[in-house]
Amino acid sequence: MDNTENPTQTNGNGASEESGQLIIAKDIMPEVLYIIPISHRPIFPGMMIPIVLTGDFMIDTANRIIEGENKIGGIVLAKEQHEGLPRTEDLYGVGVAIKVLRVTPIDEKTIQMMINALGRFTQKRVVQDQPVIQWQVEHYYEEDQSSSEVMKAYSKAIISSVKDLIKSNSLFQEELKLFLNRFTMEDPGKLADFVASMTSADASEVQEILETFDVRKRVEKVLVLLKKEIELSKLQEKITKQIEQRISKQQKEFFLREQLKEIKKELGLEKDEKTTEIEHFEERIKKLTLTEEAAKKIDEEMNKMKLIEPHSAEYGVSRNYLDWITSLPWGVFSVDNYDIKKANKILDRDHYGLDDIKDRILEFISTGKMKGNITGSIICFVGPPGVGKTSIGKSVAEALNRKFFRFSLGGIRDEAEIKGHRRTYIGAMPGKIIQSLKTVGVANPVIMLDEVDKIGASFQGDPASALLEVLDPEQNSNFLDHYIDLRFNLSNILFIATANQMDTIPTPLLDRMEVMKLSGYILEEKLQIATRFLIPKQIREHGLQKGDVEIDKQSLRVIINGYAREAGVRSLENNIRRIMRKTTRKFAEGSTKKIKISGKNLVEYLGNPRFTDESLYNERIAGVVMGLAWTSLGGATLYVEATAVPSKTKGFKQTGQLGDVMKESSEIAYTYVSSRIKDYGIADNYFNDNYIHLHVPAGATPKDGPSAGITMAMALYSLAKKRPIKLHIAMTGELTITGKVLPIGGVKEKTIAAKRAGVKTIIFPFENKKDYDELPAYIRKGLKAHFVNYFDEVLKIVF
C-alpha cells in the first residue's frame, strides 16, 4: 500500500541539493532499479513528496533501495488494484526514478519515506519479479527547450488556462506559487508535468502524460486535460451556486415566516400553535357535560400542556390524550324514537318474514317507550350466514333514530382491542368501544358486535373476558378504558351481537345477552325476498332499467332449489348478480331487446344446478330411514342406512364420520332394539347371527348430536323386520335406553329442511310440540306433524 501527500518540486533537470553539493542525476543514475508499485496516481519528475508503504513486500523493496549506494529506486503505477503480490505484467512500462531522502517508521509493518522524483525511465528488461521487482531501465534526460519560441507560446497557453482554473479552484493558486519558487515559466516540460499532476483526471490519463517524452506533444495533451478541468470546474461552480441559491431562498422564506408570525402575534392577529390547540380543546369542552372526574383530569392535562414545549415528545402524548378525551360524547345523546308504527314500517320495508324477530324487537321498543329509555340491553342474533343479522341491526338503529356503528370481533386476540392500550406504550390507542363513540358522536348509539362467536384468545389476553364488563348492565355504567383512564357510562348504548352458533360463545358472555334466533328462509320466503328486494337492488347496481330484465317466478324457484339452497339469501343474491352481469354484457354489445330469464335459458346464465333432489331414495327400502339435522348453516336432511351381514359372532359398527355423541346414540338404538326382539316379533337369533353395519351418508361430512336416536332405532327395526317404512316421512328425537323420546333443538330449521326435501309427514318429540306450534302457518302448511313420547308410538305412524 502507498500513500502520497503534499508534493513539492525540486530543481530542474533531475538534480537535487544534498549536503550543500550539486549532484547531476545523469552522472550517477543506476541502470538497475528496485521498483515500488503505487496504485493511485503516477509521480512526476521534480516532485518531492512523502509516501507511506505498508506490508512486507513494500518494506522489503524500500529496505533494498535504502541499502543501495545512491538510495535510488523506481516508482511505477499499477494498471489495476488487486489482491496478492504485484508482478511486472501488472505495471505500466514507464515510471519515475526516485531518491529516498528520509525514512520514518510508523509501526512494525508501515513506514513513511520522503522521496525526490528525479526523471522518467522505461523498462528494458525484468531482472527479477520476486521476492521483489527489479528492472533494468533506460533513463530519459529532458533537454532544455526554454529558448524555443513555439514552446514559450505553449507555456503561455498553459498559464492562461491555469489562470482561468484558479478563479474557481484556489488549490491551484497555492500549488502554482510553490512551483514558481522552484522553476521558471519558460520550462514547458516541467510546467506540463506540474499541471498534469494537479488535475483531477483519471490515473490512466495522467500516466499517458508521463509516458509522453516529446515535450510538445506532452504540452498539447496537458492543454486538453486543462480544458476538461475548466469545464468540470465551471459545472461544479454552477451546481454549487444553484444549491446555495436554493438554501438561501429557503432560509429567507423561513426567516420571513417567523417574522410574520411574531408581527401577527404582537398585533393579536394570530396565536401560536400551542395556544390555538388549547383554545380548540376549550371550545369542545363547552359543548360537553363532563363528569367531575373527567373535568378534573382535563384541567390537569391542560395545565400540564401549557408548561410543555411543543417540540418535546411529552407534548405530543398530552395533546393526543386531550384530543381523545374532548372528542368523546360526554352527556351528548340523540333523541330516541318510540313510534311503534314507524318502527314496524321500517322493519317491514327492509326485511321480509322474520315475524318472530320483528315482534321481539317491537316489544323491546315498547318497553323503552313505557320506561322512558332503553338501557342495560344486549341482544344477540344467532343464525346461519346470510339471514339478515347485520342488516336487521341497522334497521333497529334506524327505527330508534339512533346512530349505528359496527365492528367485527372475528379473529380478535388482543384484550387491548376492547379496552385499549395503556398510555405508556408508543402508538397507544383506546379500544374499539371508545373509538366507536368518538366516531358516532353520541353516547347512546346502537353498536353491533359482529361475529361474537369467533373471538380468539392468545398470550395478549382474552377479548371475550374483556367484553364481560362491556356487556354487563351492572358494570358498564363505569367502563374504564386503559388509554382514557376515565370512567365512561356505556349503559345507554344498545349492544347487538351476532353469531352463527352459540356453542363457541363463552357461557358467562352468553348469559349477559338476550338471544334471538334467526332461522333460515323457506322457498316462499326467498321468493318474496328476491322479488321485493334482491332483483330491484341488482338492477339498480348494474345500471339497468326496471323493464330491461325479467325473471319469472318459476325460474326463481329453480334458482332457489338448484343453485341457492342455503339457509340465507346471500348465495341467492350472488346468483341474481351473476345473471345481471351477463345481461349487462349483452346490452353493452348492442342488444336492445328485453331479456327474459326462464327455465329454458337459465342454464345459459348460471350453468348446471349445484343441488339435486335431497331425496336419495324414491322407493321403499328396509333399513333406510330419513332423519333431520341442524347445522350452523341451517337445517338439513340425512339418511340412516342399516344392513346385516351373516356372521358366526354378533357385532355392530358405524360409519359416516360420526361424533362421539352420535356413536353413543347408535349404540343405545342397537341395545334398545335388540333387547325387545320378543316384543317386536324379531327372530331370536337375528342379532346373534348377523353383523350389523349402520351408515350415515355423506361419508365426508362430520356429524354429531343425539337427535338421530329414533331414526337409527327405526332403521335397525325396519332391517330386522324386513319392513320398509312409508315414503316422505322424516323424524328426529333423542332416544333413551328405555325407549323414551327426549326433546331436541332447531325445530324451525329442521322443519324448513323437511319441507324443502318434499317430506309430507314429520315426527318430533312430544315436548317439542310447543316449538312447532309457534312456527308461522306458511312453514307448517303441507306438513303433517306427529309428536311422540316413546319409540313404540313411532312404529304406529311409519307403517
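Where does Pro 131 lie? Pro 131 sits in the loop between strand E8 (110–128) and strand E9 (134–139). Here are some notes on this and other places in the structure.

1. **Ground rules.** This is a predicted model, in which local features need pLDDT of at least 70 and side-chain atom pairs count only at pLDDT 80 or more, while totals for chains, interfaces and linings use all residues. Residues are numbered from 1 along each chain as its sequence is written, and side-chain values use heavy atoms, with hydrogens and water left out.

2. **The cis peptide.** Back to Pro 131: the peptide bond that reaches this residue from Gln 130 is cis, and its omega is near 5 degrees. The elements on either side follow DSSP: helices are runs of H or I with at least four residues, strands are runs of E with at least two, and both are numbered from the N terminus.

3. **Positive phi at Lys 71.** Lys 71 is not a glycine, yet its phi is positive, at about 55 degrees. You will find Lys 71 in the loop between helix H2 (56–67) and strand E6 (72–77). With a relative accessible area of 37%, Lys 71 is partly exposed. On that scale buried means under 20% relative accessible area, exposed means over 50%, and partly exposed is in between (1.4 Å probe, protein chains only).

4. **Glu 451, with two features.** Glu 451 also has a positive phi, near 55 degrees, in a residue other than glycine. Its loop runs between strand E12 (446–450) and helix H16 (463–470), and Glu 451 is partly exposed at 26% relative accessibility. The side chain of Glu 451 forms a salt bridge with Lys 454, the closest N and O atoms being 2.8 Å apart. Lys 454 is partly exposed too, at 36%.

5. **Salt bridges across the chain.** The whole structure holds 27 salt bridges, each defined as a side-chain nitrogen of Lys or Arg within 4 Å of a carboxyl oxygen of Asp or Glu. One of them pairs Arg 423 with Glu 301 at 3.8 Å, N to O. Arg 423 is in the loop between helix H14 (416–419) and helix H15 (432–440) and Glu 301 is in helix H9 (residues 292–307), so this pair ties together parts 122 residues apart in sequence. Arg 423 is partly exposed at 26% relative accessibility, whereas Glu 301 is buried at 6%.

6. Glu 550 and Lys 594 form a salt bridge whose closest N and O atoms are 2.9 Å apart. This pair links distant parts of the chain, 44 residues apart: Glu 550 is in strand E17 (residues 549–551), and Lys 594 is in the loop between helix H20 (570–588) and strand E18 (595–597). Both count as partly exposed, Glu 550 at 33% and Lys 594 at 46%. Elsewhere, salt bridges that share partners join Arg 349, Asp 350 and Glu 398 into one network.

7. **Helix H24.** H24 (residues 709–721) has 13 residues and spans 18 Å from its first C-alpha to its last, close to the 18 Å expected at 1.5 Å a residue; that expected span is 1.5 Å times one less than the number of residues. Of its 13 residues, 12 are buried, among them Ile 710, Met 712, Leu 716 and Tyr 717. Just after H24, Lys 722 has a positive phi of about 60 degrees.

8. **A positive patch.** Arg 620, Arg 723, Lys 726 and Lys 784 gather in a surface patch of positive charge. Such a patch takes residues with over 30% relative accessible area and no salt bridge, and joins like charges within 9 Å. Lys 726 lies in the loop between H24 and strand E23 (729–731) and is partly exposed, at 42%. Arg 620 is in the loop between helix H21 (602–606) and strand E19 (624–631), and is partly exposed at 48%.

9. **A negative patch.** Which residues gather in a patch of negative charge on the surface? They are Asp 355, Asp 356, Asp 359, Glu 363 and Glu 774. Asp 356 belongs to helix H12 (residues 355–371) and is partly exposed, with a relative accessible area of 40%.

Note on methods. Patch = residues over 30% accessible without salt bridge, like charges linked within 9 Å, V, L, I, M, F, W, Y side chains within 5 Å. Areas by Shrake-Rupley, 256 points an atom, 1.4 Å probe, with all protein chains shown as cover. Lys, Arg positive; Asp, Glu negative; His and termini not counted. Charge placed at Lys NZ, Arg CZ, Asp CG, Glu CD.
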